[in-house]
Amino acid sequence: MAAKTPVPETQLDVAPLRAAVEFALTTARRLGASSAEATASQGQGLSVNVRMGDIETVEHTRDRGLGITVYMDQKLGSASTADFELASVTEVVEAACNIAFHTEDDTCNGLADAGELASDFPDLDLYHPWRPSVEESVECALECEATALDLDPRIENSEGASVATHEALGVYGNTLDFVADSRKTRHSVSCSVIGKGDNGMQRDYWYTSARRREDLESSAAVGQQAARRTLRRLDARRVPTDQVPVIFEAPVASSLLSHLVSAISGGALYRKASFLLDQLGQPVFPDWVRIHEQPLLPRAIGSAAFDSEGVKTCTRDIVSEGILTGYVLDSYSARRLGLRTTGNAGGVHNLTLVPGEKSLNGLISDMGRGLLVTEVIGFGVNAVTGDYSRGAAGFWVEHGEIQFPVEEVTIAGNLKQIFMGFSEVGHDVDTRSNLRCGSILIGEMTVAGD
């Protein structure tokens with residue numbers, strides 16, 4: 001029996017990253033910067049892809065980088081390098097300073113205020129290295145795909161299965177004497193297969209993702225779910241154009257939260273390019289809706305004790321009793337708006353729509369007649385007006401039960417009305433991403449088909 005190919009193991013060491021950050025900051029000061037911030041990162045992982053029983057790709061990744069931003073009063077310059085040698089770090093800091101000399105003053109530039117920086121660093125249990133051999137990863141991916149292909153003879157082809165593991169270390173520091181590090185891992189198994197029915201072919205997929213190997217679904221379970229999701233889409237048809245209730249299945253419902261985040265982010269607000277401009281303190285959803293950030297959840301994908309500017313994160317409501325109570329701001333956008341940073345440099349942290357008590361089947365029963373959306377296609381969303389129009393696939397529902405699969409339809413409305421049209425949220429919360437919610441029932445949307 002051939003020996004297993006070991007994955008090259010390099011322990012992620014914080015010392016060289018911290019040294020590079022501190023040297024970059026010292027050099028920036030020496031070259032005349034009024035303030036500066038730097039981020040050093042290192043990552044490594046393994047990714048394996050198989051298709052139809054054959055290995056397609058095996059990729060080891062190992063990378064590192066250093067980014068420096070310097071401020072010459074209100075002038076800003078940034079540069080980066082992958083070389084941590086002192087001479088290279090000096091060169092990249094010099095480059096950032098030269099850029100800053102040629103930029104315009106902006107009174108909103110600068111580090112986060114010292115009083116906003118994190119001082120408490122709880123262990124969020126985000127680092128769980130998994131270093132399988134290539135053979136083990138291949139075996140896992142092959143099992144995943146084979147389980148999908150063997151489930152039903154109508155599963156005729158595969159787009160492949162993959163296993164990926166990654167671990168990362170980051171250090172952020174600035175000239176306010178703040179230096180902190182974070183370690184994270186993320187692992188995944190995925191599969192996509194193609195089925196053939198009487199009226200053509202369909203594809204679908206499934207994946208599992210988690211910080212810890214033990215929290216992943218089994219490779220067989222992922223393959224089975226990918227196959228089942230493909231089979232249920234066979235012999236899909238179009239439906240007549242109508243105004244009906246629509247359910248967004250949990251994996252696609254999070255896209256509605258992403259549109260909310262975009263609309264209340266600082267960049268869109270100070271540019272006056274948001275359909276939720278000047279809506280703080282106003283009802284945006286029905287009064288039962290609560291959407292909040294949970295940055296300190298153990299092992300969650302979006303957890304962090306501080307944002308990419310070193311600002312402490314905190315649990316907070318963004319929507320409470322349907323009312324918009326918070327924006328998503330970094331230090332720059334906050335200054336542009338005359339507000340305080342919300343600790344969201346780099347994005348939100350486990351943004352969660354509080355679930356209801358019913359399952360997806362319960363929402364389908366309550367809907368009675370309408371469309372269950374399991375896939376959205378295209379980018380037909382106007383961030384300024386809120387107009388929404390996207391291709392969709394899913395299932396037609398009559399009498400509270402799924403009747404047949406649907407394809408080649410468009411769902412349309414305006415996000416203001418869609419948000420206010422939230423009727424129910426399921427308890428089937430999808431926790432695989434930074435946006436966490438269950439399936440969402442919308443009271444009415446336009447479904448454009450035949």
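Predicted model: local features only at pLDDT ≥ 70, side-chain atom pairs only at ≥ 80, totals over all residues.
Start with the largest pocket. Its volume is about 690 Å³. The lining counts 32 residues, and those closest to the pocket centre are S182, R183, K184, A304 and F306. Two elements give two or more residues each to this lining: β4, spanning 155-174, and β5, spanning 178-197. By class, the lining of the largest pocket holds 16 nonpolar, ten polar and six charged residues.

Turn next to a pair of helices. Helix α3 covers residues 134-150, and helix α4 covers residues 219-231. Their axes come within 7 Å and cross at roughly 35 degrees. The crossing of α3 and α4 is right-handed. On the α3 side, the contact is made by C140, E143, C144, T147 and A148. On the α4 side, S219, A220, V222, G223, Q224 and A227 meet them. Sorted by class, the contact of α3 with α4 has six nonpolar residues, four polar and one charged.

Now go to strand β12, residues 370-377, where T374 is found. Is T374 buried or exposed? T374 has a relative accessible area of 8%, so it counts as buried, the limit being under 20%. What does T374 touch, leaving out residues up to four places away in sequence? The partners are R229, R232, E249, V252, A393, G394 and F395. R229 falls within the 219-231 span of helix α4. V252 falls within helix α5, residues 250-263. T374 can also be set against A253. These two are 121 residues apart along the chain, yet their C-alpha atoms are separated by 8.9 Å.

Helix α5 holds the last two stops. S254 lies in this helix, which runs over residues 250-263. The relative accessible area of S254 is 16%, and S254 is therefore buried. Beyond its neighbours within four places in sequence, S254 is in contact with L435 and C437.

H259 also has its place in helix α5. With 14% relative accessibility, H259 is under the 20% limit and so counts as buried. Which residues does H259 contact, leaving aside neighbours within four places in sequence? They are F275, V381, Y388, R390 and L415.

Taken together, S254 and H259 are two buried residues of α5. S254 contacts L435 and C437, while the contacts of H259 include Y388 and R390. T374, in β12, is buried as well, and its contacts include A393, G394 and F395.

Terms used:
Residues numbered from 1 in each chain as written. Heavy atoms only, no water. 1 Å grid on protein atoms, 1.4 Å probe; cavity = no way out; pocket = protein on both sides within 12 Å on 5 of 7 lines; lining within 4 Å. Points joined across faces, edges and corners; volume = space filled by probe spheres on them. Helix = DSSP H or I, 4+ residues; strand = E, 2+ residues; numbered from the N terminus. Nonpolar A, V, L, I, M, F, W, Y, C, P; charged D, E, K, R; others polar. Axes fitted to C-alpha atoms, helices over the stretch in contact; angles between N-to-C directions. Left-handed = near helix turned anticlockwise from the far one by under 90°. Contact = heavy atoms within 4.5 Å. Buried < 20%, exposed > 50% of the residue type's maximum accessible area, 1.4 Å probe, protein only.
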